[in-house]
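Thanks for coming, everyone. Let me put the structure up, and then I'll talk you through it.

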Amino acid sequence: LKSVITLTTDFGLTDPYVAAMKGVIISICPFAYIIDITHDVPKFDVRGGAYLLYTATRYFPPGCIHVAIVDPGVGTPRRAIAIKTRKSIYVGPDNGVLSIATQHEGVEKVVEITERKYMMASISSTFHGRDIFAPVAAYLATGTPVEALGVEVNDYVKIAPSNVKVEEGMIKGEVWWIDGFGNIVTNIDNWLADKLKLGDTITVRVNTKQYKALFASTYGNAAPGTLLLIPGSGGLLEIAVNLGNAAKLLNAKVGDTVEIKR
Amino acid sequence: LKSVITLTTDFGLTDPYVAAMKGVIISICPFAYIIDITHDVPKFDVRGGAYLLYTATRYFPPGCIHVAIVDPGVGTPRRAIAIKTRKSIYVGPDNGVLSIATQHEGVEKVVEITERKYMMASISSTFHGRDIFAPVAAYLATGTPVEALGVEVNDYVKIAPSNVKVEEGMIKGEVWWIDGFGNIVTNIDNWLADKLKLGDTITVRVNTKQYKALFASTYGNAAPGTLLLIPGSGGLLEIAVNLGNAAKLLNAKVGDTVEIKR
Amino acid sequence: LKSVITLTTDFGLTDPYVAAMKGVIISICPFAYIIDITHDVPKFDVRGGAYLLYTATRYFPPGCIHVAIVDPGVGTPRRAIAIKTRKSIYVGPDNGVLSIATQHEGVEKVVEITERKYMMASISSTFHGRDIFAPVAAYLATGTPVEALGVEVNDYVKIAPSNVKVEEGMIKGEVWWIDGFGNIVTNIDNWLADKLKLGDTITVRVNTKQYKALFASTYGNAAPGTLLLIPGSGGLLEIAVNLGNAAKLLNAKVGDTVEIKR
């Protein structure tokens, strides 16, 4: 039986950090099937990491072990935790990076990781990915139960729910992520736009500027360069430009306010 | 037995898209051996994607499933296809991205992918990589025959053969790819230069400017900074600079005309 | 039994080069477990590649095959070698890229790779990664002994030991690597700073400028923006900024001199 371990970090792929984690993992669990989710979370961006982790792990089968490390507080008293959900086990720092994915799956148990025998013999103060999280994930993959890692705790850090307001003819939210195509992913669920019809021209405000946009199901449904509002594949409304880069065109960045008006 | 699935996309590795595809694949085919060819095809560059796919898959063993997604028309009526060659099965949008690799391997059968049971239950309009191509590849990896995916079709989109002219003492072609070292890969087969001798000084024109270059077998055969014409490892002539970046030096870009004169 | 092959190159992940190597490997050894260490070694930077290789492979289990290719001399008379250490086998060009990792593991035998039957039938002059090093690694993974690859040699290229001086109250070294967080990794072993106490304010000179820095165990132990000297997780002293980029702040680059004074 193959155990899947996924990795999500802000370490990048240039440095030896991710590879060191993989070396640690296969030293403990030689049959682990390691899948990179991404190592390009913007440095220290816990909220971005939480988004990426959630958006990817939804599509993984049950029984996976998901490690997520965006950890500006490494080596300080912030806790290391493992969260057992109805579907998976998540491992990482207790700073909110695990909170969105785990809440969607349904949290069953949270354990503070304290048991030294599942860590490296020597633990650095700056690289818990290699010294704590990788070995813990590998031991979980070999069948170690979550309960063995330490004591159960009742609280863990949650990212504040994003602020979405629905008013008559208007939805207010914010930019949660900008993808590599320049698509602006909002924090507004697709279904909140269920009164819009495909083909409607609507008004989109990003920060202080407003624009006309076409409500469309996909990019290629309009002429190149057309500004679009699209029910995104991740369940969230996206502002996009066919064959173009919406974020550059609208000068949008993560955290900007978004208003959608009929 | 392990089934190899390769992935070639313009999705990048920062976003959760590639990971979502991998989650879908291992949900259906837990023993799949997934190999990334590249996820850095320039956005929407079907021709570049076709080049990268062909150049890499030549070196894979028979029986692999190759998924390639550069898909500006996702969600429009462009077809999804699977192409069975003498060696492999290719899966992707019918826009030419599969055409070079498959023609080199020898096309045996082309099927339009329509059978819903090999797709995700819910299909987005903007992410067929996750909802159609990944599950189709995974089902193929479990042994589903290509024929089960839909009806056979007789036509598929081919990228126009690249324009190479050979005249007395002169070869004309174009820039097909610029690699990360700045090497300018042309669309001119190495064997077309078989009248040149190693050590010859030849004339290379890129767009409107012409340069003297040394015909050499490898980069280190000349002083640092020397402009070189090299029979490339992918079978195509390359313009290179020893320990330098030829594309920057010559200000070359994909599609530029190239002339080589004795 | 699964054979682990790691890959370290300066090829990047955009081009088809790494994928071609993987295709060659699984053609010969279908059960190889391939792990990327990094493909973002700065182009032609043998010393940087040696650092990354060493820092990562320390954490891999015994019995792995490590391929490292930073090879500006490809196709020239520089040798191809395999080095058997007490723990692993390393494969690559004989230009020093393998020397740090192998010396740390303990060199047992060095073989010049000359046996054509373990290479591709046709060998290009510019891509020995695909035509020599990948197939050699794959044959090693199938159980071919190092001795079969060619004749034993007594010498191989070593990177000169880095220049570290310890004087009364002062340590002099240089910048060896700058990581993706902007942390400045020196070539000075952590233990050389064993007379410093956590919390001490010390003086750091990088090139001609000097700065006050806090000697700390981890980034988050000081206010954001604080300049820190940290015993690094890789065993080497690092200059860092909490939640900031030390290399940018100090305008540091690889090779710069570093002085640390109490």
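Predicted model: local features only at pLDDT ≥ 70, side-chain atom pairs only at ≥ 80, totals over all residues.

Residues are numbered from 1 along each chain as its sequence is written, chains are lettered from A and ligands numbered from 1 in the order in which they are written, and side-chain values use heavy atoms, with hydrogens and water left out.

Okay, B against A. We have 31 residues of chain B in contact with 29 residues of chain A, contact being heavy atoms within 4.5 Å. About 2,400 Å² is buried there, and carbon and sulfur atoms give 62% of that; buried area is the accessible area, with a 1.4 Å probe, that two parts lose on being put together, summed over both.

What about polar contacts between B and A, how many residue pairs are there? There are 13, both residues at pLDDT 80 or more. The cut-off is a pair of N or O atoms within 3.5 Å; within protein, one must be able to donate a hydrogen and the other to accept it, and residues adjacent in sequence count only if both atoms are side-chain atoms. On chain B's side, α1 (17-28) and β2 (32-38) each give two or more residues, and α1(B) has the largest share, eight residues. Helices (H or I, at least four residues) and strands (E, at least two) are DSSP runs, numbered from the N terminus.

Now B against C. Here 29 residues of chain B touch 30 of chain C, and again about 2,400 Å² is buried. Tyr59(B), Phe181(B) and Ser233(B) lose the most area on the chain B side, together 28% of what that side buries. β2(B) gives the most to this side, with five residues.

Tyr51(A) and Trp176(A) make a tilted one, 4.9 Å centre to centre and 55° between the planes. Tyr51(A) sits in helix α2 and Trp176(A) in strand β9, so the pair ties together parts 125 residues apart in sequence. Both are buried, that is, under 20% relative accessible area, where exposed is over 50% and partly exposed is in between (1.4 Å probe, protein chains only).

Notes. Phe/Tyr/Trp six-rings, centres within 6.5 Å; stacked < 30°, edge-to-face > 60°.
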